[in-house]
Amino acid sequence: MTIDNTEGARAQIGVTGLAVMGSNIARNFARHGHTVALHNRSIAKTDALIAEHGSEGDFVRTETIEEFVGALQKPRRVLIMVKAGDPTDAVIEELAAAMEPGDIIIDGGNALYTDTIRREASLRERGLHFVGAGISGGEEGALNGPSIMPGGPKESYAALGPLLESIAAQVDGTPCCTHIGPDGSGHFVKMVHNGIEYADMQLIGEAYNLLGSALGYDAGKIADVFTEWNGGDLESYLVEITAEVLRQTDAKTGKPLVDVIVDAAEQKGTGRWTVKSALDLGVPVTGIAEAVFARALSGSRQQRKAAVGLASGVLADKPTDAAQFTEDIRQALYASKVVAYAQGFDQIAAGSAEYDWDLHPADLATIWRGGCIIRARFLNRIKDAYDENPTLPSLILAPYFRDAIETAIDSWRRVVSTATLLGIPVPAFASSLSYYDALRAERLPAALTQGQRDFFGAHTYERVDAEGKFHTLWSGDRSEVRA
Ligand code: 6PG
């Protein structure tokens, strides 16, 4: 039903930016009984939403920002669903000028968390609440229940939380939405979520490539393998849709659709942001980085074209026991996925410490169980692990994951070594395994790195048997001095 805006301020929430994500979220609010004020730069989108979906709930049609803000109950709550970057700043400015202290602006786009920190600080000075909320689940999730990661001031959550929780996905009666922490923490957590999404997708891609290249399976047969895997520990949204994509036939050629899609993966930037932030924080998110670089490499079309036919030096026969190798790939996928999540949670812990956010990993695992792109059965296990030990040094040290990797380790090594001998690229499988091996090593070659640094730059080193910093007089008599 469309409510005439002359009826005064009666909408519980306003949504501005009515492209697909914005309109689906607005409909989701309306379907849950909230009156939703609608605003868009061009009124045509607002009218189209009302014409097509007006019967789903109560919408207030508004044309100007003043009218939009005037339609909202206090404290006013406005969700911005516009393009990240300058368009977001422009809308915030317009809204802020029309709003009053105590009102809440929520940015539901994929904003860079440092922008969110800046915006939150500047709006706070004007008495307004700014909430950067990561929203995951794509178009379908926006309509039927996304996972929502709101940051911003805790006080604002009292007025906002129940609304957001009502439209979020629910798992075991728990909404996939909770207050993440102050200022930009919601968008930071969403960014890392996307980084994990990249790693997960890359690992699935490597598994698909191995099944095709090492075992000669076609897309349909690989789809069946993924469907079977989805019935076990790997059960997840991404594994489920992988089978669906692989099963799709191209209407034009009759071939599997995946075989006619150009093999150059694009990226909008959140994976890259995750890696940049990890570099700044000094956290080795090797799986995510490999995934970002693998997309970049796939897109280097000219170089790739020129390199086709370079020596491969194949040193192994293809696996003869297809069932065993398929199981090996499943195990390698699972173990590598554990590493990717472990690294993502490390980055979240580092971000939390750097910005003093006091983030709770168990809460994140809880709200990622449903609605979002990385939703997966094993998030229950991650939640259990952090519930049991909130200061777990690494997810792979939790008893459940430690055992899972112990079960998978031989398969994991067989997959990486076979792929290497056959010349099949497995950057994420291989780097995850190397990360695991490095983490569990008693000694690393970093000792030599320290020696070299001291040699050429007098950068000093620590000793295993004494406190303090030391330097060897490399160009003198090579005795050691305390630095
Ligand atoms: C989500 C998705 C969503 C979007 C990605 C795609 O959680 O709903 O992550 O945010 O689909 O940003 O990212 P790329 O275009 O970079 O693959």
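This is a predicted model: local features need pLDDT of at least 70, side-chain atom pairs count only at pLDDT 80 or more; totals for chains, interfaces and linings use all residues.
The ligand is the place to begin.

In the side chain of Y198, an N or O atom is 2.4 Å from a ligand oxygen. For S136, the distance from an N or O atom of the side chain to an oxygen atom of the ligand is 2.5 Å. R295 places a polar side-chain atom 2.8 Å from an oxygen atom of the ligand. On its own the ligand has 420 Å² of accessible area, and the protein covers 80% of that.

Helix α8 also takes part in the packing of another helix, α19. The buried residues of α19 pack against α8, α13 (286–298), α15 (322–355) and α18 (399–422). Those buried residues are A428, F429, S431, S432, L433, Y435 and Y436. How does the length of α19 compare with the span its 14 residues should have? Helix α19 covers residues 427–440, and at 1.5 Å a residue it should span 20 Å; the C-alpha atoms at its ends are 20 Å apart, so the two values agree.

Two further helices each hold a residue to look at. S23 sits in helix α1, residues 20–31. Its relative accessible area is 13%, and because buried means under 20%, S23 counts as buried. Apart from neighbours within four places in sequence, S23 is in contact with G17, L18 and L49. K221 belongs to helix α9, residues 219–229. With a relative accessibility of 44%, K221 counts as partly exposed. K221 and R247 are 26 residues apart in sequence, while their C-alpha atoms are 8.8 Å apart in space.

The loops come next. R369 lies in the loop that joins α16 (361–367) and α17 (379–388). Is R369 buried or exposed? Its relative accessibility is 12%, so R369 counts as buried. Leaving out neighbours within four places in sequence, the residues in contact with R369 are V171, D172, T174, R375, A376, L379, N380 and K383. With one of these, N380, the side chain of R369 makes a polar contact of 3.0 Å.

W474 is placed in the loop between β12 (466–472) and β13 (480–482). At 25% relative accessibility, W474 counts as partly exposed. Not counting residues up to four places away in sequence, W474 touches G451, D454 and F455. The side chains of W474 and D454 are joined by a polar contact of 2.8 Å. D346, by contrast, is 128 residues from W474 in sequence and 38 Å from it in space, C-alpha to C-alpha.

L112 occupies the loop between β6 (104–107) and α5 (113–125). Its relative accessibility of 24% makes L112 partly exposed. Between L112 and E56 there are 56 residues in sequence and 33 Å in space, taken C-alpha to C-alpha.

Finally, the backbone. Most peptide bonds are trans, and most residues other than glycine have a negative phi. Where does this chain have a cis peptide bond? The bond from K74 to P75 is cis, with omega near -5 degrees. P75 is in the loop between α3 (65–70) and β5 (77–80).

D358 is not a glycine, yet its phi is positive, at about 55 degrees. D358 lies in the loop between α15 and α16, and with a relative accessible area of 55% it is exposed. T460, also not a glycine, has a positive phi of about 70 degrees. T460 is in the loop between α20 (446–457) and β11 (461–463). At 16% relative accessibility T460 counts as buried, whereas D358 is exposed.

Technical notes:
Residues are numbered from 1 along each chain as its sequence is written. Side-chain values use heavy atoms; hydrogens and water are left out. A polar contact is a pair of N or O atoms within 3.5 Å; within protein, one must be able to donate a hydrogen and the other to accept it, and residues adjacent in sequence count only if both atoms are side-chain atoms. Accessible areas come from the Shrake-Rupley method with a 1.4 Å probe; for residues, only the protein chains shown count as cover. Helices (H or I, at least four residues) and strands (E, at least two) are DSSP runs, numbered from the N terminus. Buried means under 20% relative accessible area, exposed over 50%, partly exposed in between (1.4 Å probe, protein chains only). Contact means heavy atoms within 4.5 Å. The expected span of a helix is 1.5 Å times one less than its number of residues.
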